[in-house]
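The following exercises guide a reader through selected parts of one structure. Each task is followed by a solution in steps.

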Amino acid sequence: MLFDAEQRIVFVNQHVVHQFGFANAELVGQPLSRLVRHEVGDGVEQTLTEALRDGRPTATRIEAHVHCADGTQRSVVLEIAWLDVDDSALALCLLRGSSAREPLRHGGHVERRLKDAQRIAKIGSWSWDMVTNEHWWSDEMYRMLQFEQGGHARAFERFSELVHPADRERMNQRMQHIAQGAAPSVIELRATLPDGTQKTFHSQGAATLDEAGRPIHLHGTLQDVTEQVATQAALRLTDLRYREAQRLAKMGNWEWDLSTNTSWWSDELYRLLEEDPLHYKATFDNFLVKVHPDDRQALIAGQSTIAPGPNAYVPTQSRLMLSGGREKIVEQIVEVRVDEHGTPLAVVGTVHDITERRALENQLRESESRYSSTVELAAMGLAHIGLDGRFIWSNGRLRELLGYDNDELLKLTIWDISHPEDSHMADRDRPRLHAGEIETLTLEKRCLRKDSTPIWVKITVATRRTAEDRLMYDVAVIEDITTRKSAEARVKYLATHDELTGLPNRTLFAELLEHAIETARRYDRRCTVLFIDLDRFKIVNDSLGHDAGDLLLQEVASRLRQCMRKSAVVARLGGDEFVVLLEELSTADAAAEVARRILASMHAPVKIMGHECRVTVSIGIATYPDDAVDAATMMKHADLAMYLAKDEGKNNFQVYSKDMSPMSVEHLELEMRLAHALERAEFSLQYQPRVDIASGEIRGAEALLRWSNPDLGSVPPARFIPLAEDTGLIVAIGKWAIRKACEQNVAWQKLGLPEIVMSVNLSPRQFKDPTLLSGIVKILEETRMRPDLLELEITETMIMNHVDIAAEKAATMKTLGVKLAIDDFGTGYSSLSQLKRFPIDTLKIDRAFVRDIPHSVDDTAITRAVVSLGKALGVRVIAEGVETAAQYEFLRDNGCDEIQGFYFSKPCHPDAFADLLRQHRLGS
């Protein structure tokens with residue numbers, strides 16, 4: 001007989017049925033007390049209870065009474081051994097007659113049936129009498145382990161050798177613990193049988209103790225659970241796969257048993273609902289609580305209309321409301337399970353979390369909507385074009401671009417909308433695109449709108465193919481580049497033409513001149529250049545403004561074109577300079593005749609903005625190969641001849657000659673190069689420090705103009721400044737110098753260097769310039785330099801001419817906040833009364849007086865007088881040209897405020913001057 005830990009009978013053999021008269025069904029499932037009776041106080045119940053304590057009872061014997069079905073009673077001995085079968089505790093109970101411990105009647109049958117039970121259950125039993133050291137194995141033990149019966153001596157050793165090494169030590173330790181009285185427990189052992197078969201066994205043992213508590217007998221069972229373990233592993237794997245499938249699919253399932261009215265939910269359904277299976281009951285009402293209120297009625301209505309059979313329930317979608325206000329969207333599919341007669345047994349269903357799918361669907365719809373809107377509203381035209389060249393789809397931008405509606409465009413081909421001259425531009429490469437030789441086709445061509453207006457487009461074409469790489473149609477992107485093409489043409493035109501007059505510019509003229517010289521060389525011909533410069537153009541520009549100057553230049557260009565043959569090239573080099581190229585002239589007199597025509601064309605007055613202006617020109621002529629054999633030399637010689645014409649009184653022409661005075665040529669060349677020095681950034685400034693004699697600190701700097709020409713090298717200021725003054729170039733150069741000096745002073749301040757006064761010389765012509773004051777204001781505003789850090793130096797000579805005007809202008813300059821200095825003081829003829837009229841801040845002693853002090857009596861006297869005069873006027877006195885210690889000491893001892901000269905530093909570049917500001921102190 002077998003019973004479980006709750007003393008409930010789970011199995012009886014036929015011997016029990018025959019011996020005690022009960023039917024099998026009357027015992028199985030009944031409590032043990034149904035068969036084994038006991039009286040109150042006889043100790044049977046207590047013994048069983050103690051044996052079952054902790055769920056792992058020891059092997060034991062109990063004397064009890066059995067009440068048979070016919071009402072009789074028999075005394076029996078219950079021999080109980082506990083087994084672990086599939087993790088369930090079962091007791092194997094043998095019933096023996098109580099007299100002389102003999103088996104009950106039909107004992108042979110019992111033994112045979114017990115052997116059958118062990119074979120069927122694949123359970124072997126064993127025992128070991130620890131007193132006699134006798135071992136006993138059941139037949140099933142031998143059979144399971146493939147041992148021959150009778151070899152008891154080494155049976156346990158042989159079994160131990162079969163056990164997996166990893167389990168062998170655990171088995172031996174467990175045997176020792178049982179022998180020491182430990183409670184029975186099941187251990188799992190892996191073994192390899194003699195024929196190589198891999199088996200898994202459950203082993204359990206128990207000990208019988210004597211009155212002293214010593215083990216006298218060990219007995220136990222060995223059960224072959226290989227199939228159960230494999231089945232359980234397969235079931236666990238299947239269950240794992242089932243759970244993983246549900247988790248990955250985010251799909252839970254449920255079942256409602258109609259007979260018991262109970263429900264079951266899968267783990268994934270609980271997870272989907274974010275509830276704990278231990279605390280949340282699986283019911284339809286509990287599920288309904290999770291459903292959004294607006295979706296509950298539809299779900300209830302759907303559940304109430306479920307009919308038996310597959311596909312009888314339409315899938316429904318509902319929103320679930322979770323903690324924190326979060327929302328999920330689920331889809332349910334429900335089906336009724338029926339028996340063979342069609343009677344409903346249960347309702348089953350799945351709940352699928354489609355939140356992500358719905359989001360993706362929404363994103364897809366949104367993406368499709370955006371794509372559709374983007375394509376339709378795209379700034380570029382888009383089209384699908386069939387293999388026959390016919391339009392099969394287009395967006396709104398393309399239809400707008402071409403002026404057709406959709407139906408009209410679908411009737412046309414790509415050749416129909418192309419400009420006749422460009423219609424077959426893509427025919428060569430389109431077959432290559434379809435053949436896969438190229439991925440895309442790009443071209444620029446002209447198309448015709450519906451109204452026949454030509455437009456430039458850029459077309460990029462790719463192919464659309466099926467998954468099997470079968471060609472379907474072309475996808476074309478059409479961009480309107482008409483504006484870009486016009487701009488490119490405009491840029492190309494401006495690169496070679498003067499925007500104001502429309503004449504060829506310097507770049508194009510240089511190319512044409514090179515070509516003309518090469519042609520003349522090849523065919524032994526002549527070509528001539530006439531270099532033309534307007535006389536007194538600056539007067540018109542300054543008095544009437546730049547707009548008037550532009551109108552004058554346009555009129556001159558027009559007159560030049562009108563008096564030239566069509567073969568002549570008239571160009572504007574820039575500013576008020578024009579040039580004419582004449583080819584195939586037979587004699588030099590022919591060029592002179594052209595020059596006379598030009599001079600005559602300028603005789604008539606020009607009416608500009610209500611004013612009548614007269615303009616004259618100076619012309620220089622140079623001829624290939626008489627005067628030059630290359631373009632650069634030819635232009636240079638024509639330019640020199642033009643300057644000679646200006647020196648000859650303007651309004652005439654001069655032909656270049658090798659017999660020109662070398663000095664004249666040199667002067668003209670210097671003047672010519674000076675005229676372009678500013679625009680070619682050939683000027684620079686150097687800075688000489690002004691040092692306070694008392695403290696040794698740098699108080700200021702004088703900006704000194706330098707000119708470095710690529711051909712002439714460094715040109716001394718004494719050589720080019722008078723020329724700049726004579727030509728009037730000094731005004732523009734002077735403005736540049738003031739701006740550059742202010743920018744540099746501000747740059748030093750941004751480096752954290754001390755603030756100093758920046759001195760800049762004004763030339764006589766600058767001082768007379770009517771735009772001087774406004775120019776200074778603009779420079780100070782744009783450079784953000786404080787006015788009191790700018791000092792303008794003027795000479796005595798400049799202020800003695802027109803003293804009243806000069807004094808008024810100086811006073812106006814002071815209102816700007818700038819400082820004024822009298823440079824080269826002592827070399828002019830100013831009187832003290834005149835000097836007092838000027839709001840000066842500084843007197844600068846001319847270097848001519850400093851040069852010979854303290855040795856020259858006259859120079860020392862003049863220097864002392866100037867210093868005294870400065871003190872009397874309340875202005876600072878600066879000595880220029882200080883080069884020796886003796887000069888420095890004399891000036892210091894006589895109260896001079898500042899010195900400037902080589903004794904402290906030569907003029908230097910901005911970076912070197914910055915180093916002086918950082919480090920240098922006089923006498924350090």
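Helices (H or I, at least four residues) and strands (E, at least two) are DSSP runs, numbered from the N terminus. The model is predicted, and local features need pLDDT of at least 70, side-chain atom pairs count only at pLDDT 80 or more, while totals for chains, interfaces and linings use all residues. Residues are numbered from 1 along each chain as its sequence is written, and side-chain values use heavy atoms, with hydrogens and water left out.

**Exercise 1. Determine which residues of helix 18 are buried and what they pack against.**

Step 1. Apply the cut-offs: buried means under 20% relative accessible area, exposed over 50%, and partly exposed in between (1.4 Å probe, protein chains only). In helix 18, which spans residues 537-544, the buried residues are Phe 537, Val 540 and Asn 541.

Step 2. Look down the axis of helix 18: the buried residues fall within an arc of 95°, so they line one face of the helix. The arc is that of the directions from the helix axis to the C-beta atoms. As background, an α-helix has 3.6 residues a turn, so residues three or four places apart point the same way.

Step 3. Turn to the other side of helix 18, where Ile 539, Asp 542 and Ser 543 are exposed.

Step 4. Identify the partners, with contact meaning heavy atoms within 4.5 Å. The buried residues of helix 18 pack against strand 22 (527-535) and helix 19 (546-562).

Step 5. Inspect the residue just after helix 18: Gly 545 has a positive phi of about 100°.

**Exercise 2. Describe how helix 6 and helix 7 cross and which residues make the contact.**

Step 1. Axes are lines fitted to C-alpha atoms, for helices over the stretch in contact, and angles run from 0 to 180 degrees between N-to-C directions. The axes of helix 6 (residues 155-162) and helix 7 (residues 165-179) cross at roughly 140° and come within 8 Å.

Step 2. List the residues: helix 6 contributes Phe 159, Ser 160 and Glu 161, and helix 7 contributes Arg 168, Met 171 and Asn 172.

Step 3. Sort them by class. Ala, Val, Leu, Ile, Met, Phe, Trp, Tyr, Cys and Pro count as nonpolar, Asp, Glu, Lys and Arg as charged, and the others, Gly among them, as polar. The contact of helix 6 with helix 7 has two nonpolar, two polar and two charged residues.

**Exercise 3. Repeat the analysis for helix 23 and helix 24.**

Step 1. Helix 23 (residues 717-727) packs with helix 24 (residues 729-750) at an angle of about 115°, the axes being 5 Å apart.

Step 2. Ala 724, Glu 725 and Thr 727 of helix 23 meet Leu 729, Ile 730 and Ile 733 of helix 24.

Step 3. By class, this contact of helix 23 with helix 24 has four nonpolar, one polar and one charged residues.

**Exercise 4. Find the strands that pair with strand 36.**

Step 1. Two strands pair if DSSP finds at least two bridges between them. Strand 35 (residues 842-845) pairs with strand 36 in the parallel sense over four bridges, and Lys 844 stands opposite Ile 878 in strand 36.

Step 2. Strand 36 also pairs with strand 37 (residues 898-900), in the parallel sense over three bridges. Here Ile 878 stands opposite Glu 898 in strand 37.

Step 3. Consider the covering of strand 36 (residues 876-880): four of its five residues are buried.
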